[in-house]
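My entries follow in the order in which I looked.

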Amino acid sequence: MFSSCLVGRICPAVLVLLFRAASGSFCDTPGESRWRQVWRDDFNEGALDLSSWTVDLGANDSRVRDSRGTADNVYLDHENGHLVLRSQRQRDGAFNFTSGAVQSQGKRAFRGPARVCVSAMLPASAAGDGANPGIWPAHWLMPDTKKCWPTNGEIDIMEMINSDGQLHGTYHWSEATCGNNSQKGDHIAMPKDWGSTFHEFAVEYTPDFVAFLLDGHTYANYSKDQVEIFDVPYYLILNTAVGGPWPQPVDSRTVFPSYHVIDYIIWNVKTSSGEEALLDANKNDRAEETRVAREAAFARKEGIPTTTT
């Protein structure tokens with residue numbers, strides 16, 4: 001749908017017509033106590049926030065697979081407030097494709113219990129579901145630790161291959177051995193508008209369960225009796241891989257450029273009752289400090305003597 005746009009950018013007039021499928025976010029928790037937002041990015045600033053994100057410039061890795069990650073494939077659509085990850089049929093050294101990926105490793109990583117929500121519109125093909133071989137968008141969490149994969153887990157919030165309209169949510173882990181992958185996951189058919197409308201992909205993970213959601217509705221839930229859950233900080237990856245071991249190989253049907261558009265990310269953590277009480281106490285202390293400072297400033301302005309205790 002974007003092939004008529006110049007210089008490889010999404011047409012703003014087209015994006016204005018797009019809308020978010022859900023009116024609210026699963027991560028908006030005004031009525032729920034102890035949930036605290038620790039990170040939100042609506043991509044409304046003048047540039048990508050490099051204090052939170054690193055642009056992937058690797059090649060043949062788990063984020064871009066059979067392509068090279070380049071900085072020009074990661075950009076902000078300023079008119080609409082979106083992050084765009086573009087994939088192209090473009091020669092770069094030994095690679096025939098380039099793509100876009102960002103990650104928050106070493107910059108933003110949080111322990112659970114947590115809720116992570118990503119609103120995105122995924123790469124599609126006008127020829128129909130499954131007619132985009134080799135395109136593999138993903139939103140996933142990796143442990144910000146030095147342990148080998150997958151001994152501290154991996155949480156795949158969203159994956160889709162070949163633009164086939166199937167959403168996959170998967171949890172990976174290993175009890176002790178590097179490379180010895182155990183996994184639990186499920187997949188569901190996306191609504192028919194998945195390639196032209198923003199949908200929210202989310203995960204909630206606690207010491208007791210890992211649950212995957214689409215537009216606020218849970219479609220997979222695994223208890224601690226089914227999977228091993230780790231108390232480690234996780235960081236976020238947003239990417240589009242090209243090729244790799246799971247999708248079909250790229251062929252003449254593959255749409256280039258392909259666009260993976262992210263509207264927002266939200267990360268909430270759940271505090272313990274003790275932490276919540278401490279946060280409330282600190283908030284009250286700051287309010288009292290502000291009140292005292294204002295009264296002192298007023299007294300100085302009016303020449304009113306003050307006393308200290």
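**Terms and ground rules**

I call a residue buried under 20% relative accessible area, exposed over 50% and partly exposed in between, using a 1.4 Å probe and protein chains only. The model is predicted, and I took local features only at pLDDT of at least 70 and side-chain atom pairs only at pLDDT 80 or more, while totals for chains, interfaces and linings use all residues. I number residues from 1 along each chain as its sequence is written, and side-chain values use heavy atoms, with hydrogens and water left out.

**Entry 1: salt bridges**

Side chains of opposite charge can pair when their charged atoms come close. I counted a salt bridge where a side-chain nitrogen of Lys or Arg is within 4 Å of a carboxyl oxygen of Asp or Glu. By this rule I get ten salt bridges.

I looked up Asp251 with Arg253: they form a salt bridge, N to O 3.0 Å. Asp251 is partly exposed at 27% relative accessible area. Arg253 is also partly exposed, at 44%.

Next I took Asp56 and Arg63, a salt bridge whose closest N and O atoms are 2.1 Å apart. Are these two residues buried or exposed? Both Asp56 and Arg63 are buried.

Then I checked Asp208 and Lys224, whose side chains form a salt bridge at 3.4 Å, N to O. Asp208 is in the loop between strand 14 (199-205) and strand 15 (209-214), and Lys224 is in the loop between strand 16 (217-223) and strand 17 (234-242), so this pair ties together parts 16 residues apart in sequence. Strands here are DSSP runs of E of at least two residues, and helices are runs of H or I of at least four, each numbered from the N terminus. Asp208 is partly exposed, with 42% relative accessibility.

I also noted a network of salt bridges that links Asp28, Arg40 and Asp42.

**Entry 2: backbone**

Most residues other than glycine have a negative phi, and most peptide bonds are trans. I wrote down where the model departs from this.

The peptide bond from Gly112 to Pro113 is cis, and its omega is near 0 degrees. Pro113 sits in the loop between strand 8 (109-110) and strand 9 (114-121). The bond from Trp149 to Pro150 is cis as well, with omega near -5 degrees. I found Pro150 in the loop between strand 10 (135-143) and strand 11 (154-159).

Asn162 is not a glycine, yet its phi is positive, about 60 degrees. Asn162 lies in the loop between strand 11 and strand 12 (166-173), and it is buried at 6% relative accessibility. Asp215, again not a glycine, has a positive phi of about 50 degrees. The loop between strand 15 and strand 16 holds Asp215, which is buried at 18%.

**Entry 3: aromatic rings**

A pair of aromatic rings is described by the distance of the centres and the angle of the planes. I paired rings of Phe, Tyr and Trp (its six-membered ring) with centres within 6.5 Å, calling planes under 30 degrees apart stacked, over 60 edge-to-face and the rest tilted. How many aromatic pairs does this rule give? The count is nine aromatic pairs.

Trp39 and Trp53 make a tilted pair, 4.9 Å centre to centre and 45 degrees between the planes. Trp39 is in strand 1 (residues 35-41) and Trp53 in the loop between strand 1 and strand 2 (54-55), so the pair links distant parts of the chain, 14 residues apart. Trp39 is buried at 3% relative accessible area, and Trp53 is buried at 0%.

Phe212 and Tyr219 have ring centres 6.5 Å apart and planes at 35 degrees, so I logged the pair as tilted. Phe212 is buried at 0%, and Tyr219 is buried at 13%.

Ring pairs join Trp39, Phe43, Trp53, Phe110 and Trp267 into a cluster.

I also checked for a charge over a ring (NZ of Lys or CZ of Arg within 6 Å of the ring centre and within 35 degrees of the ring normal). Arg40 lies over the face of Tyr264, 5.4 Å from the ring centre.

**Entry 4: His168**

I found His168 in strand 12, buried at 14% relative accessible area. I took contact as heavy atoms within 4.5 Å. Leaving aside neighbours within four places in sequence, His168 is in contact with Asp156, Ile157, Met158, Glu159, Asp186, His187, Tyr219 and Trp246.
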